[in-house]
Amino acid sequence: MNDETKCLHSGYTPKNTEPRVVPIIQSTTYVYDSTESIAAVFDEPTHSLIYSRFANPTVMAVEEKIASLEGGIAAMCTSSGQAAILLAILNLCDAGDSFISTTRIYGGAINLFSFTLKKMGIECIYVNDDASEDEIHKAFKPNTKAVFGETLANPALSVLDIEKFAKVAHAHNVPLIIDNTFATPILCKPFERGADIIVHSTSKYMDGHALQVGGVIVDSGKFDWSKGNFPGLTEPDESYRGIVYTETYGKAAYIIKARMQLMRDFGVYPSAHSAFLLNLGLETLAIRMERHSENALEAARFLEAHEMVEKVIYPGLESDKYYDLARKYLKAASGVITFEIRGGRENAIKFMDALKLASNQVHVADIRTCVLHPASATHRQLNDDQLKAAGVNPGMVRLSVGLENVNDIIDDLKQAFAVLK
Ligand SMILES: *Cc1c(COP(=O)(O)O)cnc(C)c1O
């Protein structure tokens, strides 16, 4: 099936007289006809349902749809994108381990990596997105367990050279984890470029309607854990009857460990109703991503030609530093533009407050056009050096282009620029 078809049909195929739409199975638990049959489920927990803290049929239908869109073997939904990133790392790193991340990532991920994981004894080693293979090699330590980066970085909008990072990661026998939130599987399929694990904040384009915070981890099933140093996957798990994930679950070892160990213990699983809403978003994802990208390209061209604009960052523009990488990795450049207004922070705020159609909100990737000032919102906790490393400038506005008629979006920008004169 092609993506448009998978969006509508993967993950749920109703049988004779069953509901056309994925049903909401709103239940914490599942009934068994005997003590013995419950015992059997504990022996083979992946074959049946135990408890909705880590598995639920509505959520699982969505997991299967996302796995199929990304071309992975299995996926696990989480209650937020942050939770997906947290579990993706914790599934590989223990206290005393390290992992490498590029610097141009989501502000929340920077917090998690630089502060919270550090307190847990896990070190994040940062490398520049544009680092050479040699520089990435040099960042490795003997205890490094993974490499992390974003396909299309939020909010810097740099495009990651996934093949380069995958090559270096694999030379050290560690997996490449890609946050594919801004591209979505419609615009980029990181597994085809060498990535091993994908995470998403489904709160963005996948949901698309600003309804529901959520996340997902997808496993390619391609990484050979026995080659690297991953005792959590290749040695017995005491908390789970001494099971060895790679032996019992083979290619699905990583994602099953994430569910049976980490989801069991952390319990950051979405509710059935959340998954139902996410599924509605996914049904139109392919068609929405096309239009978001078309509208954004037109808005970016308008901004680039405007006298009050210092600089436009949108990898779909020929003038953009990442245009070539975008051509290589992305089908289209997605819906988010960042631009710098002449006059710095003060003018950026004035401009944003003058917008009428586009709303100020701490969100992106909504069907409705919205704006955000990263320096005073998502990246507020960062000092000027960290802001620079994350590719954020004080006069920078992040514009998330929605699905309104593009002429109305551009008219709104025009009238807000007029206020600055
Ligand atoms: C929003 C976002 C996250 C965090 O996801 P939440 O669902 O808000 O927890 C992670 N990565 C990227 C790229 C994001 O845009």
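Is V31 buried or exposed? Select V31 in the loop between α1 (3-9) and α2; helices (H or I, at least four residues) and strands (E, at least two) are DSSP runs, numbered from the N terminus. V31 is exposed, because its relative accessibility is 80%, where buried means under 20% relative accessible area, exposed over 50% and partly exposed in between (1.4 Å probe, protein chains only). V31 and I50 are 19 residues apart in sequence, with 8.7 Å from C-alpha to C-alpha.

The model is predicted: local features need pLDDT of at least 70, side-chain atom pairs count only at pLDDT 80 or more, and totals for chains, interfaces and linings use all residues. Residues are numbered from 1 along each chain as its sequence is written, and side-chain values use heavy atoms, with hydrogens and water left out.

**Two domains**

Colour the protein chain by domain: domain 1 spans 3-280 and domain 2 spans 286-418, with bounds from an automatic or database domain assignment. Their C-alpha centres lie 29 Å apart. The contact (heavy atoms within 4.5 Å) takes 37 residues from domain 1 and 39 residues from domain 2. Between them the domains bury about 3300 Å², 61% of it on carbon and sulfur atoms; buried area is the accessible area (1.4 Å probe) that two parts lose on being put together, summed over both. Next select V159, L187 and Y205, which supply 23% of the area that domain 1 buries against domain 2, more than any other three residues.

**The sheet**

Show the strands. An open sheet of 7 strands has the order β1-β7-β6-β5-β4-β2-β3, with mixed pairing; two strands pair if DSSP finds at least two bridges between them. β1 (74-78) and β3 (123-127) are the edge strands, each with a single partner, so one side of each has no neighbour in the sheet. From one strand to the next the twist averages 20°. In the parallel pair of β4 (residues 144-150) and β5 (residues 176-179) there are 4 bridges, and F148 stands opposite I177 in β5. Helix α11 packs on the sheet, where it touches β1, β6 (197-201) and β7 (215-219), and its direction makes about 30° with that of β1. Axes are lines fitted to C-alpha atoms, for helices over the stretch in contact, and angles run from 0 to 180 degrees between N-to-C directions.

**The cores**

A nonpolar core is a set of buried Ala, Val, Leu, Ile, Met, Phe, Trp, Tyr and Cys residues joined through side-chain atoms within 4.5 Å. The largest has 107 residues, and those with the most contacts inside it include F99, L176 and W225. Helix α11 (residues 253-266) gives the largest share of this core, 8 residues. Select W225: leaving aside neighbours within four places in sequence, its contacts include L92, P175, F230 and Y254. Another core, of 31 residues, lies apart from this one, with V312, F339, F351 and V401 among its members.

**Backbone stops**

Most residues other than glycine have a negative phi, and most peptide bonds are trans. Go to the loop between β4 and α7 (162-171), where P155 lies. The peptide bond from N154 to P155 is cis, with omega near 5°. In that loop is also L157, not a glycine but with a positive phi of about 60°. L157 is buried, at a relative accessible area of 0%.

Move to R241, in the loop between α9 (231-234) and α10 (245-249). R241 has a positive phi of about 50° and is exposed, at 51% relative accessible area. The C-alpha atoms of R241 and D43 are 8.9 Å apart, although 198 residues separate them along the chain. End at D43, in helix α2 (residues 35-43), which counts as partly exposed at 45% relative accessibility.
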